[in-house]
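Let us learn to read a model step by step.

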Amino acid sequence: MEETIQKILAGDRRTAGRLITRLEDGEDWGREVMKRLYPRTGRAMTLGLTGAGGSGKSSLLNHLIQRFRQMGKSVGVIAVDPSSPFSGGAFLGDRIRIQHHTRDDGVYIRSMASRGYLGGLARATTEVLRVMEAMGFDVVMVETLGAGQDEIDVIRLVQTCLLVITPSMGDEIQALKAGIMEIGDIFVLNKSDLDGATQALRSIEAVLSLKAFKQGEWEPRVISTVATSGEGIGDLMEGIMAHQDFLHNSEAMEQAAFQRVEQELGLIFRDELERVIFKGLKGTGKKRRYIRSIIDGKSDPYTVIEEILETFLRRR
Amino acid sequence: MDGHDRGAKVIASLLKEAGMEVVYLGMYQMPEDIIKAALEEDADVIGVSYLSGEHLVFTPQIIKEMKKKGLNDVLLVGGGVIPPEDIPALKKMGINEVFVAGSLTHPIVEYIESHVRKR
């Protein structure tokens with residue numbers, strides 16, 4: 001384990017690749033490594049990209065990597081794609097759009113399958129972000145899977161969150177009204193060369209204008225881009241940097257760190273609880289019997305869980 | 001122009017349907033690109049699809065790069081348009097298995113499952 005930790009801190013890709021797999025598989029060993037890496041994390045600039053499938057997240061990501069590389073920054077990327085609910089397999093295609101940087105040693109890309117985890121990320125994404133920070137990357141970017149529904153976990157995970165929308169999503173913008181303020185620090189209207197862009201821009205701005213911002217609160221920016229041609233990428237970088245400056249010069253950075261750890265804590269807690277409790281049931285046939293008793297109407301899931309918890313707590 | 005990545009994409013989706021996580025890299029990948037991706041993604045298997053007769057040139061390069069990076073326990077499988085008479089040469093170079101165009105999915109999945117490194 002000592003060797004793994006030293007290699008990760010030295011930025012070794014092979015070791016990181018292996019560690020990430022073991023974290024994805026939820027191995028005990030991975031958790032022990034994380035304990036040791038944790039103090040070395042939390043120093044990178046972290047960005048999130050979320051938005052519906054086909055909105056151009058990967059293409060924008062490609063441009064952003066290029067810009068950060070020009071600034072001499074090393075970049076880690078986590079790209080999440082959905083797993084098939086039927087086979088458990090996944091087609092992870094984000095690397096196709098990040099071609100230009102695949103051979104650059106200052107860029108590390110890791111694809112992750114969601115494996116049924118909801119919220120737009122994979123269960124281990126939080127940990128992988130920490131691993132990339134420990135490896136010493138200056139910037140780490142997280143691209144959520146793009147179902148366009150509730151990929152909101154990323155907001156609490158990263159410092160600056162970009163929500164990518166396209167002109168064809170006019171109705172979605174309306175539907176997002178309720179929560180739109182909370183999703184993005186920056187709204188990217190990509191494919192802004194398409195019909196309806198002006199109207200879409202107006203409707204986002206209209207939604208944003210409904211909110212009364214408190215003094216010292218970040219007012220989300222709306223930036224138009226065309227990822228295919230690179231138009232607007234300069235403005236987008238400027239927006240990202242402005243948000244980072246804002247964070248650094250306010251209490252918001254501390255708040256962001258607080259939210260991240262809070263989410264992390266909840267996640268690890270749930271994971272650990274499930275693991276510890278069900279470990280005792282494994283191989284005993286008890287889980288099967290419990291399920292059977294629920295189906296047969298002799299019990300119900302609530303009573304079963306209460307029983308399992310009580311037995312567990314008494315044993316302790 | 002006419003979708004020369006069709007075969008690779010079909011294989012990728014079939015492997016996905018078999019429960020595997022497939023990182024798809026797209027066309028025109030050089031050996032260094034493939035190996036860097038395999039390393040970062042901690043791939044158990046590298047699958048390469050050849051189309052225009054470059055298999056005898058690139059296979060040794062990929063294997064050399066794999067050895068250089070220590071990917072000795074990673075399975076290398078090739079496919080696509082490969083004349084059957086070239087298969088022995090490819091295997092001698094170190095490719096683990098070759099599935100030419102027209103292969104059925106089942107044997108590919110079975111081969112991978114029975115030969116992949118154990119976690």
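Q: What should I know before I start?
A: This is a predicted model, where local features need pLDDT of at least 70, side-chain atom pairs count only at pLDDT 80 or more, and totals for chains, interfaces and linings use all residues. Residues are numbered from 1 along each chain as its sequence is written, while chains are lettered from A and ligands numbered from 1 in the order in which they are written.

Q: What does chain B average in pLDDT?
A: pLDDT is the predictor's confidence in each residue, from 0 to 100. Where it is low, the coordinates should not be read in detail. Chain B averages 89, and 97% of its residues score at least 70. For the complex, the predictor gives an ipTM of 0.88 and a pTM of 0.89.

Q: How many helices and strands are in chain B?
A: Helices (H or I, at least four residues) and strands (E, at least two) are DSSP runs, numbered from the N terminus. Chain B has five helices and four strands. From the N terminus on, they run α-β-α-β-α-β-α-β-α. Among these elements, helix α1 (residues 6–17) of chain B has the lowest mean pLDDT, 89. Strand β1 (residues 21–23) of chain B has the highest, 96.

Q: What does V131(A) touch?
A: Two residues are in contact if their C-beta atoms, placed from the backbone, lie within 7 Å. Leaving out residues up to four places away in sequence, V131(A) touches I8(A), A16(A), L19(A), I20(A) and L37(A).

Q: What span does the C-alpha trace of chain B have along its principal axes?
A: The spans are about 35 × 30 × 30 Å.
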